[in-house]
Amino acid sequence: MNPIIMPAPTNDQATFLRELVSDKKKPDRGKILGISSIAILSGKGGVGKSNLAVNLALAFAEKGLRMAVLDADLGLANIDILFGVIPKYNLGHVLRGEKELSDIVLNVSEKVFIIPGGAGLRELADLDEQQQSWVIGRLSVLEDDIDMLLLDTSAGIHKNVLSFAVASDLTLLVTTPEPTSIRDCYSVLKSLLQSTDGHLQTALVVNMASDEEEARAVSKRIVTAAEQFLGHKVSYLGCVLYDTAVREAVKKRRPLLLDGVDSVSGPCFRTLAERIFALSKNGPKIEKKEAFLRRLTRVLSKKGTWSL
């Protein structure tokens with residue numbers, strides 16, 4: 001990996017942050033009590049995880065929240081494709097001191113920003129303490145001025161994927177009604193709990209369900225198995241109904257909620273956003289000892305069982 005270069009600060013980032021906070025329609029930050037970072041995970045690819053991430057971000061933005069989506073898929077990053085943009089730089093360029101945060105963050109819609117992760121997320125684990133502190137200082141200013149960070153992770157049980165979940169306030173598990181997807185979703189949950197001694201807040205979303213009854217049946221299988229065999233309570237948030245309009249939105253490279261078309265899945269995304277609000281407001285408040293990025297670098301540096 002190229003050495004970390006610590007350049008003198010410029011005015012670019014200050015200008016970027018002033019734009020972030022200039023919106024007069026500030027949300028009530030008291031609404032988000034315990035959840036300001038959500039890692040979206042799945043056991044297998046093709047379950048619609050990225051589409052869920054971008055439309056959830058837009059649903060929260062409709063409520064007045066400033067959202068950032070970190071494309072944390074280390075293999076097949078595609079958040080940029082779904083928004084129809086082509087990023088020139090990623091987090092790795094910031095880590096190496098080649099670019100400022102303002103150079104890589106893309107404003108894809110009102111109140112929604114994306115952060116291309118790329119190889120930079122792997123490089124976080126290789127930094128020494130001084131380098132990590134410098135990088136966190138460069139990035140944490142963004143966390144101070146957004147209301148929620150969503151992480152679209154790779155599918156499967158890679159160590160980095162588990163790290164993102166451990167460092168986040170909420171782990172959102174995504175499955176479809178397919179038996180293989182259900183099995184792999186349970187396997188990811190089991191690996192997460194084994195890595196954290198069970199100290200994890202999780203929620204489940206069933207995507208591409210034919211109807212709510214099917215989604216409830218799928219969720220019951222996972223929730224019941226988790227409680228019986230893992231001793232862990234998973235909150236069922238709801239479902240996103242199968243919708244050909246989502247596929248058309250991907251082809252147009254414009255997220256469904258941004259396109260404004262009538263669809264059966266649009267209300268589902270908004271309902272999920274409302275339920276995450278409720279989960280945060282009514283559930284136990286999470287003690288925020290550290291911001292997400294600081295927790296992530298600490299977790300990536302550890303081996304074996306993680307504990308925050």
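Residues are numbered from 1 along each chain as its sequence is written. Since the model is predicted, local features need pLDDT of at least 70 and side-chain atom pairs count only at pLDDT 80 or more, while totals for chains, interfaces and linings use all residues; side-chain values use heavy atoms, with hydrogens and water left out.

Start with the sheet. Eight strands make it up, in the order β3-β4-β2-β5-β1-β6-β7-β8, and the sheet is open with mixed pairing. Strands here are DSSP runs of E with at least two residues, helices are runs of H or I with at least four, and both are numbered from the N terminus; two strands pair if DSSP finds at least two bridges between them. At the edges stand β3 (106-109) and β8 (235-241), each with a single partner strand, so one side of each has no neighbour in the sheet. On average, neighbouring strands are turned by 25 degrees against each other, direction ignored.

Strand β1 (residues 37-42) runs parallel to β6, and five bridges join the two; Ile-40 sits opposite Leu-172 in β6. Helix α9 packs on the sheet, touching β1, β6 and β7 (202-209), with its direction at about 160 degrees to that of β6. Contact means heavy atoms within 4.5 Å, and angles run from 0 to 180 degrees between N-to-C directions, using axes fitted to C-alpha atoms (for helices, over the stretch in contact). Helix α10 (residues 212-230) lies across β6, β7 and β8, at about 145 degrees to β7.

Over at β3, three bridges link it to the antiparallel β4 (residues 112-116), with Ser-109 opposite Val-112. Two residues separate the strands in this hairpin, and Lys-111 takes a positive phi near 70 degrees there.

Thr-176 belongs to the loop between β6 (170-175) and α9 (179-196). Thr-176 is buried, at 4% relative accessible area, where buried means under 20% (1.4 Å probe, protein chains only). Leaving aside residues up to four places away in sequence, Thr-176 touches Val-47, Ser-181, Ile-182, Asn-207, Met-208 and Val-218.

In α11 (residues 244-252), Ala-245, Val-246 and Ala-249 are buried. They span an arc of only 105 degrees around the axis, which puts them on the same side of α11; the arc is taken from the directions from helix axis to C-beta atoms. Their cover includes α2 (49-62) and α12 (256-259). Asp-243 caps the N-terminal end of α11, with a side-chain oxygen 3.0 Å from the backbone nitrogen of Ala-245. Just after α11, Arg-253 has a positive phi of about 55 degrees.

How values were computed
Buried means under 20% relative accessible area, exposed over 50%, partly exposed in between (1.4 Å probe, protein chains only). A polar contact is a pair of N or O atoms within 3.5 Å; within protein, one must be able to donate a hydrogen and the other to accept it, and residues adjacent in sequence count only if both atoms are side-chain atoms.
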